[in-house]
Amino acid sequence: MVGGIVSFFALAMRGAFNDERRTFLATVLVIPAYWLLISCAAWRALFQLFCRPHGWEKTPHGLESRANPGDPRYRIDPIFDIAT
């Protein structure tokens with residue numbers, strides 16, 4: 001893991017221009033946390049794929065879903081009921 005982060009940092013610094021390197025240093029420090037969050041999301045998706053293969057969390061889109069609170073697509077918070 002450390003080797004991957006170091007190689008990413010070295011390659012990115014090598015390819016960056018001098019004026020880009022200052023802002024890039026602040027960004028590079030956050031990238032391992034970003035990778036960790038992506039990993040957690042992938043594991044969660046894999047877990048949900050096996051536990052609820054036909055269910056997924058939906059985001060409401062369109063005016064119809066916001067206009068009718070009785071519509072199940074209107075629900076903003078995710079449903080984590082594994083029993084159904």
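Is C40 buried, exposed or partly exposed? At a relative accessibility of 44%, C40 counts as partly exposed. The points below concern a predicted model.

1. The structure holds zero disulfides. For reference, a disulfide is a covalent bond joining the sulfur atoms of two cysteines.

2. Aromatic pairing. The count of aromatic pairs comes to one. The ring centres of F8 and W35 lie 5.3 Å apart with their planes at 70°, so this pair is edge-to-face, given that planes over 60 degrees apart fall in that class.

3. F8 has a relative accessible area of 31% and is partly exposed. W35, at 35% relative accessibility, also counts as partly exposed.

4. Packing of α1 and α2. The axes of α1 and helix α2 (residues 18-28) come within 10 Å and cross at roughly 160°. Because angles over 145 degrees count as roughly antiparallel, α1 is roughly antiparallel to α2. The crossing of these two helices is right-handed.

5. Residues at the helix contact. On the α1 side, the contact is made by F8, F9, A12, M13 and R14. On the α2 side, R21, F24, L25 and V28 take part.

Technical notes:
Residues are numbered from 1 along each chain as its sequence is written. This is a predicted model: local features need pLDDT of at least 70, side-chain atom pairs count only at pLDDT 80 or more; totals for chains, interfaces and linings use all residues. Side-chain values use heavy atoms; hydrogens and water are left out. Rings of Phe, Tyr and Trp (its six-membered ring) pair if their centres lie within 6.5 Å; planes under 30 degrees apart count as stacked, over 60 as edge-to-face and the rest as tilted. Buried means under 20% relative accessible area, exposed over 50%, partly exposed in between (1.4 Å probe, protein chains only). A disulfide is a pair of cysteine sulfur atoms within 2.5 Å. Axes are lines fitted to C-alpha atoms, for helices over the stretch in contact, and angles run from 0 to 180 degrees between N-to-C directions. Helices (H or I, at least four residues) and strands (E, at least two) are DSSP runs, numbered from the N terminus. Angles under 35 degrees count as roughly parallel, over 145 as roughly antiparallel, 65 to 115 as roughly perpendicular and the rest as oblique. A crossing is left-handed if the near helix is turned anticlockwise from the far one by less than a right angle, and right-handed if clockwise. Contact means heavy atoms within 4.5 Å.
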